[in-house]
Amino acid sequence: MSQGPRSGLAAVSSALLAMSRRLEVRDVLKTIVASARELLDAQYAALGVPDDHGGFAQFVVDGVSDEQWKAIGPLPRQHGILAAMLREARPERLADVRKDARFEGWPSAHPDMSDFLGLPIRDGDEVIGALFLANKNCPKPDGGCGFTQDDEELLSILAQHAAIALTNARLYERSRELTIAEERSRLAHELHDAVSQKLFSLRLTAQAAAALVDRDPARAKGELHQVAALAAEAADELRAAVVELRPAALDEDGLVATLRTHVQVLDRAHSARVTFAGHGVRALPAAQEEALLRIAQEALHNALRHSGAEHVAVTLGKRGPGTVLRVTDDGGGFDPTTVRRAGRHLGLVSMRDRASGVGGTLTVVSAPGEGTTIEMEAPGG
C-alpha cells in the first residue's frame with residue numbers, strides 16, 4: 001500500500017503536465033481521455049462536451065478503434081447516464097451500467113461495457129463536460145464494481161485540472177480568433193486601398209484612351225496598353241491577398257475542409273483549373289496541420305503565378321503511417337539546381353524548413369517543360 005499513493009501521484013503529475021502542454025481544445029480533450037484511461041487502467045474512456053441542443057459539440061474516445069467508432073454511428077445524445085452526470089453534476093460509480101434504471105441501450109456496434117465510473121467536469125457552477133471510464137482491468141468483486149473509491153477520488157482530481165486545461169484552451173482559441181480577425185481586417189483595409197488606387201488609375205487611363213482614340217490613335221493605343229498593365233497589377237494584388245490570408249477555420253474545421261475551401265477560392269480567382277482530393281486523413285497535431293497548409297499555399301502560389309499551368313491538383317492522403325500532401329501542376333516546370341544557383345528559391349527553402357520543423361520531409365520534382373510536383377510527407381494522421 002505504501003507504493004500506491006506515491007506511484008499514483010507520479011502518474012497524476014505526468015497526466016497534468018501532459019494536459020498543460022496542449023493549447024488546442026481537441027488536443028486537450030484527447031490528452032484528458034488518454035490520461036484518465038491509463039491512470040485508472042480502464043479498457044475504455046470518453047469525454048463529451050455538451051452543446052445547447054441535447055447533443056455533444058465534441059466527443060472524444062480512447063480504447064475504441066477507428067473502425068469501431070465509424071460503425072457505432074452518430075454521436076450520442078444527452079440521455080441516460082450521460083444526461084444524469086450533466087444534469088445532476090455528481091459522480092456515478094456502477095457495478096454494471098447495463099442494469100441501471102437510467103440505461104437506455106447503445107448501438108449494436110458499441111463495445112460491451114459493465115463497470116462504470118463517470119464524473120462531470122465543472123467550471124464553477126457550469127458543467128462543461130462529462131468524463132467517464134468503463135471496464136476496469138482487474139478482477140471484479142462478486143456483484144461489485146471494479147472501480148474503487150480511491151479511483152473516484154483520483155479521477156475527481158484529474159477532472160478538476162481538466163476543467164482548468166479545457167477553459168485555458170478555449171480562452172487561447174478565442175484569443176487566436178480575435179488575432180486572426182484583426183489580421184484579416186488589416187489585410188482587407190490594405191487590399192481595399194491598394195486595389196482602389198489601381199482601379200482609379202485604370203479608370204482615368206481608360207477615359208484618356210477613349211478621348212484620344214479619334215484624334216491620336218497611337219497615343220490611345222499606348223494608353224490601352226497601360227490599362228492592361230494596371231488591370232494585371234490589380235489582379236496580382238487580389239491573388240496575393242488570397243494566398244496571404246490564413247483560413248480562420250483550420251482549428252475548427254480541420255485541414256481537409258480548410259484546404260478544400262482554399263482551393264475552391266483559388267479556382268474561382270484564376271483562369272487555371274485548381275482541384276482538391278483528400279482521402280482517409282485523420283486529425284493531425286496543430287503544428288503539422290499548419291505546416292501542411294502553409295506549404296500547400298506556397299506551392300499553389302508558385303504554380304499559379306509562375307508556371308503558366310492550366311491545371312493544378314492538390315491531394316492529401318495516407319502513405320503507410322504518414323500523411324502526404326502533393327501539389328502538381330502541368331506548367332512550364334524548372335530546373336531546381338538552376339534555381340538554387342541563381343539565388344531564386346521560389347519559397348523552397350521556407351517550405352523545407354516548415355516540413356522539417358514538424359518532423360516531415362519535402363520533395364520537389366520538376367524539369368523544364370514537364371510541370372512540377374511538390375510533396376510533403378508528415379508523420380501521423
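Predicted model: local features only at pLDDT ≥ 70, side-chain atom pairs only at ≥ 80, totals over all residues.
Side-chain values use heavy atoms, with hydrogens and water left out.

View 1. Strand β1 (residues 42–50) runs antiparallel to β5 and is joined to it by 6 bridges, where two strands pair if DSSP finds at least two bridges between them, and where helices (H or I, at least four residues) and strands (E, at least two) are DSSP runs numbered from the N terminus. Strand β4 also pairs with β5 in the antiparallel sense, over 8 bridges, and I121 has G129 in β5 as its bridge partner. The hairpin of β4 and β5 has 2 residues between the strands, and G124 takes a positive phi near 70 degrees there. Because 10 of the 11 residues of β5 are buried, this strand is largely enclosed by the rest of the structure; buried means under 20% relative accessible area, exposed over 50%, and partly exposed in between, with a 1.4 Å probe and protein chains only.

**View 2. The aromatic cluster of F56, F59, W69, F116 and F132.** These five residues, F56, F59, W69, F116 and F132, form one aromatic cluster, and a search of the whole structure finds 5 aromatic pairs. Rings of Phe, Tyr and Trp (its six-membered ring) pair if their centres lie within 6.5 Å, and planes under 30 degrees apart count as stacked, over 60 as edge-to-face and the rest as tilted. F59 and W69 form a stacked pair, at 6.2 Å centre to centre with 5 degrees between the planes. Because F59 lies in strand β2 (residues 56–62) and W69 in helix α3 (residues 66–72), the pair ties together parts that are 10 residues apart in sequence. F59 is buried, with a relative accessible area of 8%, whereas W69 counts as partly exposed at 27% relative accessibility. The rings of F116 and F132 have centres 5.5 Å apart and planes at 25 degrees, so this pair is stacked. F116 lies in strand β4 (residues 116–123) and F132 in strand β5 (residues 126–136), so the pair ties together parts that are 16 residues apart in sequence, and both F116 and F132 are buried.

**View 3. Helix α2 and the residue that follows it.** Helix α2 (residues 25–40) has 16 residues, which at 1.5 Å a residue should span 22 Å, and its end C-alpha atoms are 23 Å apart, which agrees; the expected span of a helix is 1.5 Å times one less than its number of residues. Among the buried residues of α2 are V25, V28, L29, I32, V33, A36, L39 and L40, and also D27, T31 and S35. Just after α2, D41 takes a positive phi of about 55 degrees.

View 4. β9 pairs with strand β10 (residues 372–379) in the antiparallel sense over 6 bridges, and V364 stands opposite I374 in β10.

**View 5. The largest nonpolar core.** A nonpolar core is a set of buried Ala, Val, Leu, Ile, Met, Phe, Trp, Tyr and Cys residues joined through side-chain atoms within 4.5 Å. Of the 34 residues in the largest one, L259, L300, V312, L325, L362 and M376 touch the most other members. The largest share of this core, 9 residues, comes from α9. L259 touches F276, L293, A296, L316 and L325, not counting residues up to four places away in sequence, where contact means heavy atoms within 4.5 Å.

Note on methods. Residues numbered from 1 in each chain as written.
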